[in-house]
Amino acid sequence: MSDHEALWNATSQLLKAQVSEGVWYSTFNDVVALASDEDSLRIQVPHAHVRDRIVTRYRPLVLD
């Protein structure tokens, strides 16, 4: 497992514990880690609607 995958796995477990099951499956379940460096984690989402939902509703939670 790559560093970015391990980072996303750890982050996603924290997120999963903080959002409802419906939110998890509709928003985060299909997110994939692409790359990371010391300051960021790049993810891929299945479509723009999911990206917009994460940015507008869950960005602070993801950043924490």
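What you see is a predicted model. The protein has three helices and two strands. Going along the sequence, the order is α-α-β-β-α.

On dimensions: the C-alpha trace spans about 30 × 25 × 20 Å along its principal axes. The radius of gyration is 11 Å, and because a compact globule with 64 residues would have a value near 11 Å, the two agree.

Next, the contacts. If we take contacts between residues at least 6 apart in sequence, 46% of them join residues at least 24 apart.

Now the interior. Of the 64 residues, 25% count as buried. Which residues make up the largest nonpolar core? There are 11 in all: Trp 8, Leu 15, Val 19, Val 23, Trp 24, Phe 28, Val 31, Ala 33, Val 50, Ile 54 and Tyr 58. The elements giving two or more residues to this core are helix H1 (3-18), helix H2 (21-28) and helix H3 (48-63).

Please look at Tyr 58, one of those core residues. What does Tyr 58 touch, leaving aside residues up to four places away in sequence? The list is Val 19, Val 23, Thr 27, Phe 28 and Arg 53.

The accessible surface comes to about 4,700 Å², and carbon and sulfur atoms account for 49% of that.

Methods
Residues are numbered from 1 along each chain as its sequence is written. This is a predicted model: local features need pLDDT of at least 70, side-chain atom pairs count only at pLDDT 80 or more; totals for chains, interfaces and linings use all residues. Side-chain values use heavy atoms; hydrogens and water are left out. Helices (H or I, at least four residues) and strands (E, at least two) are DSSP runs, numbered from the N terminus. The radius of gyration is taken over C-alpha atoms; the globule rule is 2.2 Å times the number of residues to the power 0.38. Buried means under 20% relative accessible area, exposed over 50%, partly exposed in between (1.4 Å probe, protein chains only). Contact means heavy atoms within 4.5 Å. Accessible areas come from the Shrake-Rupley method with a 1.4 Å probe; for residues, only the protein chains shown count as cover. A nonpolar core is a set of buried Ala, Val, Leu, Ile, Met, Phe, Trp, Tyr and Cys residues joined through side-chain atoms within 4.5 Å.
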